[in-house]
Amino acid sequence: MSDLRQPSESQSAPAPDQPDVDGSDGDGQSSPVGRLAATVERLRREVRAAQAEADGRALIELAKGILVERLGCGPAQASRQLAELTAQAGVTPLEFAVEVINQASRDRVSEVTSAFLAATASVDPPDGHSSAVRLRTAESGVLAADDTQAVADSLLEHALTPLGAEAVAIWALGADGSLALAGSAGFSTAEAGRWRHVPPGVTTVARRGLTERRGEWIRSLSETGLPSIGQHHYRDGGRVAVPAETGGRIHGVLEIVWSTALEPPPAAIVRQIEALAELCAHTLETNALPHPDDATNPRVLPDVAELMDLADGLHDPALVLVPHLGSDGRLVDFRIHHVNSRFLDPAGRPRGVVNGALLLEAYPMAAGHSELFERVERVYATGEPFRAHRMRLTALVDDVPLSAVADINVSRHGDSVLLIWRIEDETARLASLLQHAQRLGRIGGFEENLLTGEITWNGQLYHLYGRPVSDAPVPLEDLPAYAHPDDAVAIGRFLRTVVHQRRPASTAFRLQRPDGVTRHIRVVAEPVLDSAGQLYVVRGAYQDISAHHWTEVALAATRDQLAHSEQQASERNRLTLQLQHAIMPPTQAPLAVPGLDVAVRYRPAETQHLVGGDWYDAVVLPSRLVLLCVGDVAGHGIEAATSMVVLRNALRGLAVTGAGPGQLLSWLNMVAHHLTGAVTATAVCALYDPENNTLRWARAGHLPPVLVRGSEAAPLPLVTGLLLGAVPEATYEEHEVQLAVDDTLLMYTDGLIERRDRSVEESLAQFLTVARAVPPTLDQQLDRLLTHSRSDTDDDTCIVGIRVA
């Protein structure tokens with residue numbers, strides 16, 4: 001007994017982490033604590049052995065089943081065969097079972113097993129299980145799980161933790177584009193509850209993963225600013241969001257979270273994660289619950305036969321498409337399962353030729369510039385319908401491309417896709433256009449195809465030009481040759497607007513006819529774009545306005561005879577100046593806003609007859625927000641000045657409602673449009689919140705404000721907004737900017753920078769150079785900007801500046 005309690009140097013002492021089997025405490029003295037530690041360690045070893053046996057038993061039995069199927073033998077013979085092969089290979093039964101399963105399955109996860117082993121070689125658990133066993137265990141757990149939550153737990157435990165992942169979320173894609181958290185692991189219960197539903201249209205990491213086939217791979221969540229589950233706990237970690245797709249259908253997203261930055265993974269690991277996402281897709285598809293309003297659930301939607309009946313009842317040409325999968329189960333094409341009786345092939349082929357063919361075989365150019373196949377594939381994958389106006393369809397017939405323009409409507413119904421296209425009848429549409437132009441009288445309609453060079457005129461247009469109908473029509477680009485030389489500039493501006501800027505335009509010119517008669521003509525044209533945004537047709541009309549022109553000349557002469565005397569005109573200008581200075585003093589008392597310096601400057605035009613409609617405003621609203629705005633009414637004189645007063649006062653009154661700058665400009669646009677004289681103006685409107693130093697702003701055709709921060713000066717991002725008064729109703733985009741201490745924001749009218757000999761971009765660059773120098777006070781900075789202004793247009797100038805103190 002003394003030898004057991006006090007081992008000699010020749011005897012082996014127990015390992016530091018292994019208590020003596022007799023319960024000694026390591027110094028030769030037996031104690032209850034030592035015996036208890038030995039018992040606990042023995043039980044731990046038994047538990048680990050039981051867990052290892054449970055993990056491997058299912059895989060060994062699966063391998064036996066594979067041998068029964070492959071060898072055609074019974075279970076007992078398969079068991080003996082497995083034992084013999086294991087002994088010959090010199091490996092454990094569990095490891096040999098994994099190899100048998102891998103060779104038999106040949107699935108995507110098996111293809112990347114070697115890469116997974118290399119990536120997880122250093123993290124094998126102490127229970128002796130290899131990474132291959134863990135990977136196959138994860139795969140078996142996913143296939144055997146009866147709910148998505150169990151899938152998430154199995155993926156994280158067996159497949160993703162060895163890759164360093166901390167959490168996983170499985171999102172289910174709804175019919176309306178929403179995302180529902182179907183299962184998660186590694187997140188708290190409260191966090192999962194907050195993210196149980198993401199409405200459609202909200203951009204998250206998971207939603208970004210839907211747009212790319214290879215998913216969204218993010219090095220660090222903090223670098224993107226995107227919201228996502230666990231964004232506060234794993235803010236600096238990497239993210240992967242891969243679409244859960246099977247057979248071309250996207251059922252959701254697999255999102256994996258790391259706590260540290262994610263470096264670009266090897267291609268094999270990427271394929272492994274894609275394979276796990278595909279397994280999640282099978283589970284999401286199996287566990288999808290039917291909903292009476294779910295237009296994507298095949299359990300509640302009509303089958304293909306009912307969809308064919310629906311297509312036959314439509315008044316538009318329609319095709320019923322069914323997915324065509326490859327040998328690997330991936331979507332490769334769509335088969336045209338049915339075409340209705342109203343179907344018209346762009347190439348004029350009979351329905352029997354198209355019906356039953358693959359979509360890319362019947363229309364191989366559908367994968368080209370029109371992207372029709374990609375649109376159909378996207379609709380089938382996500383269930384989101386697609387509509388397009390005037391998409392160009394192209395087909396190859398005898399190696400000759402034939403095309404037509406059509407309105408497209410694509411929607412998914414169960415496992416089928418309904419494709420509706422309405423091919424435009426060009427002949428009937430053109431005839432209707434020409435007949436309408438004829439009825440108007442003294443108007444000639446035309447259409448010019450810029451791709452083919454084909455030009456169509458009606459008879460009235462030949463009459464206006466004084467040319468016989470046997471002559472060729474005149475192309476638009478040749479219009480200057482038939483007009484008075486003095487009208488060349490106006491015609492050139494008209495052609496640039498229509499052809500290069502692709503906007504509707506009109507102009508008046510003097511047409512010199514072959515018979516020597518000069519007619520005053522107004523031409524109106526609009527560009528027509530295809531679905532790819534390319535200009536291919538210009539349509540419009542010519543109108544003889546000679547009588548109207550001479551009437552205007554006579555009226556002008558009458559106005560000249562009845563014009564006011566020079567003294568009356570001078571008095572008019574003086575009154576205009578007085579009105580303008582009363583409303584717009586060159587300086588204004590500073591606003592009392594805590595933490596903010598506000599200064600304004602107004603410089604009137606030096607020439608009195610150029611008195612314009614520039615205006616500014618800076619006022620503290622009842623909501624304690626600060627209204628800042630500048631504007632410029634088109635034109636000069638008393639009309640511009642009075643219109644300026646109306647718009648300025650209207651905006652100040654509307655701001656009391658608490659509406660945002662975009663809404664204020666929408667209302668102000670209605671005021672400008674209904675003013676007498678068709679007033680147009682530009683403006684910038686901003687609301688500054690002193691409590692959080694944020695500025696919301698919008699623009700209506702005006703130059704954006706300039707932000708001066710430190711030694712840098714740059715204009716704010718250019719948001720969209722039409723000038724005021726152009727149309728009855730308009731919407732204006734808002735933008736918000738966070739200001740910091742010592743930031744300076746400048747709002748100004750174009751009289752500060754415009755030059756006749758330079759572009760706006762060049763003038764703005766010179767203005768930014770001057771603005772980068774920041775004097776001690778805001779008043780000094782505005783005075784310096786006026787002093788260094790290089791504008792030569794002699795126009796009014798307004799500046800509003802704020803500086804965060």
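**Close-up 1. The crossing of helices α22 and α23 is right-handed.** A crossing counts as right-handed if the near helix is turned clockwise from the far one by less than a right angle, and left-handed if anticlockwise. The model is predicted: local features need pLDDT of at least 70 and side-chain atom pairs pLDDT 80 or more, whereas totals for chains, interfaces and linings use all residues. Residues are numbered from 1 along each chain as its sequence is written, and side-chain values use heavy atoms, without hydrogens and water. Helices (H or I, at least four residues) and strands (E, at least two) are DSSP runs, numbered from the N terminus. Helix α22 (residues 638-655) packs with α23 (residues 661-673) at about 145 degrees, their axes 10 Å apart. Axes are lines fitted to C-alpha atoms, for helices over the stretch in contact; angles run from 0 to 180 degrees between N-to-C directions.

**Close-up 2. Residues of α22 meet residues of α23.** Contact means heavy atoms within 4.5 Å. Among the residues in contact are Val646 and Leu654 of α22, and Trp667 and Val671 of α23.

**Close-up 3. Five strands form an open sheet in the order β17-β26-β25-β22-β23, with antiparallel pairing.** Strands pair if DSSP finds at least two bridges between them. β17 (596-603) and β23 (712-715) each have a single partner strand, so one side of each lacks a neighbour in the sheet.

**Close-up 4. β17 and β26 (residues 797-804) run antiparallel, joined by 8 bridges.** Leu596 has Val804 of β26 as its bridge partner. Helix α25 (residues 778-787) packs on the sheet, touching β17, β22, β25 and β26; its direction makes about 25 degrees with that of β17.
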